[in-house]
Structures are given as C-alpha cells and as structure tokens.
Amino acid sequence: MNEAEADKMWRARVLTIFPDMFPGPLGVSLTGQALSRGLWSLQAIDIRSFAEDKHASVDDVPFGGGPGMVMRPDVIGRAVEAARSGVEDLPLVYLTPRGAPLKQEMVRRLADGPGLIALCGRFEGIDQRVMDVFPGEEISLGDFVLSGGELPAMTLIDACVRLLPGVIGAEASLEEESFETGLLEYPHYTRPREWRGQAVPDVLLSGHHENVRAWRHAQAEEITRQRRPDLWERYGHGNI
Ligand SMILES: C[S@@+](CC[C@H](N)C(=O)[O-])C[C@H]1O[C@@H](n2cnc3c(N)ncnc32)[C@H](O)[C@@H]1O
C-alpha cells in the first residue's frame, strides 16, 4: 500500500485499559478479513502506559465522596493527545450510557469520515474535564450499564467497518438492511423448502421479481408497524 492509500484508510484508535481485548471479535469474519486486507486499521492504546506514578494508577476516589473510582483526567488527557497525534481529524467518541443512543445514521456518518478514536471508560467513568477539554461525541449503546466501554467500542467499529467500500461483497444487501430504508428488514428464508411442517412463502418460489419485491416491502412495513411504532411514525405512517 502506498502512502496516499494508507492516508485514506479508515482508522480506529481505541483508548482502553484492556488493549488485549482487541481486535477480539473484530479480528474474525468480515471485519477481520477487511483488517487483513488493509481496508481499515486498528490500534488499541493502553491508557495505563500514560500513568506516571509507581503503581501506574489510572483512577482515583471521587471528589464529593460516593462509591467507586473515577478515571483520572491527567492520565486520560495524555492518552487522548497521543492517540490524536498525526490524525487530528479523527473524531473523539466517548462511549458512555449518558451519550446519544447509537443509531444507524450515526454509524453511516462515522463510516463516511476518516475513522474515530474510541475512549473506553471503566469504573464509574471518566473525569468530566476530559470531555470539557477535548470535545467529542458521547455515544451510548442503549439504556443499560456495561462494565466497560470496550464492547460498545467494538460494536460501533463493527457497524462502521461493514459499511466501508469493499468490505461487504454485495453492497446492494446493505441498502435493504434494517434502518437503511427507515424500516426493519423483511424475513429471510433458505433451503430446505419445508422444515418442521413450515413451508417457505409461495411468492419467494415464484421467480416473479416484482411480486417478491412487493411482498418483502409489505412484510417490512408490517414488522416495523408491529414492533417499532417509533420507527413507523418517523417513516410517515404513524397516523394510519
Ligand atoms: C460501569 S460503567 C459506568 C457507568 C456510570 N457510572 C453511569 O452510571 O452512567 C463503566 C464504563 O462502561 C461504559 N459503558 C457502560 N454502559 C455503557 C453503554 N450503555 N453505552 C456505552 N458505554 C457504556 C462507559 O465507558 C463507562 O464509563
């Protein structure tokens, strides 16, 4: 790969106290193959290597009291600066339950950009001043609390990487996926034609492409209407 190609590569830099968790699931299947083919790059940076005391501490007790420990701003600050060096255009993303819930449109926007620096919290989270000094995007995986930001970072990176050009062979398959059209996806069927008394819907065996397309679209609408009234309303059918 020449320098110009390397410059264009989508980059993920992950700040974590558990760098050994990476690439983990990102190293297999689609994302793993894309990583080996140089379609994106991954660097896990150990936050602890930026600690300066003899115990390599990254956390301390919270001012004001209360349970748990808080990640120190001085240590994280040095780690963020190191992660940014040479790639100042990469957006900083802090994975936190207080962030905006992750949506496919955010994934699409991040995948269209140069990459991201994912900051993974542990303990009670990160000293607020880090995000005040290094503004970034705060993203949540959902309304639940995990023990660390690494799984959310992997999830976000996985979702971005599969949208990068060349990662998925049949790119048309992306266009029909859940959320891309504003609807959940239609149900899929494969061989055998009959299984445990359940037959594949006739229309899918008809070879009539327009009927198949219409059936799938109707199914996608029905599933979205039943399961996700919020999406259905945004799609423009909430008042039907
Ligand atoms: C135990 S959690 C801290 C939770 C925090 N005290 C709170 O109540 O919001 C430790 C770290 O896990 C990550 N984390 C946990 N749940 C998450 C979620 N739903 N989305 C994104 N990151 C999450 C964050 O990086 C967080 O700093």
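Q: What do the buried residues of α3 pack against?
A: In this predicted model, they pack against β1 (10-16), β2 (40-46), β4 (70-71), β5 (92-101), β6 (115-120) and α5 (128-133). The residues in question are V75, I76, A79, V80 and A83.

Q: What makes the buried residues of α3 line one face of the helix?
A: Look down the axis of α3: its buried residues fall within an arc of 130°, so they line one face. The general rule behind that is 3.6 residues a turn in an α-helix, so residues three or four places apart point the same way.

Q: How do you know the reach of α3 is close to the expected one?
A: Helix α3 (residues 73-84) has 12 residues, and at 1.5 Å a residue the expected span is 16 Å. From first C-alpha to last, α3 reaches 16 Å.

Q: Why is S29 called exposed?
A: S29 has 11 other C-beta atoms within 10 Å, and exposed means 12 or fewer, so S29 qualifies. S29 sits in helix α2, and its phi is positive, near 55°, in a residue other than glycine.

Q: Why does F179 count as partly exposed?
A: F179 has 15 C-beta neighbours inside 10 Å.

Conventions:
Residues numbered from 1 in each chain as written. Predicted model: local features only at pLDDT ≥ 70, side-chain atom pairs only at ≥ 80, totals over all residues. Helix = DSSP H or I, 4+ residues; strand = E, 2+ residues; numbered from the N terminus. Expected span 1.5 Å × (residues − 1). Buried ≥ 20, exposed ≤ 12 C-beta atoms within 10 Å, placed from the backbone. Arc of directions from axis to C-beta. Contact = placed C-beta atoms within 7 Å.
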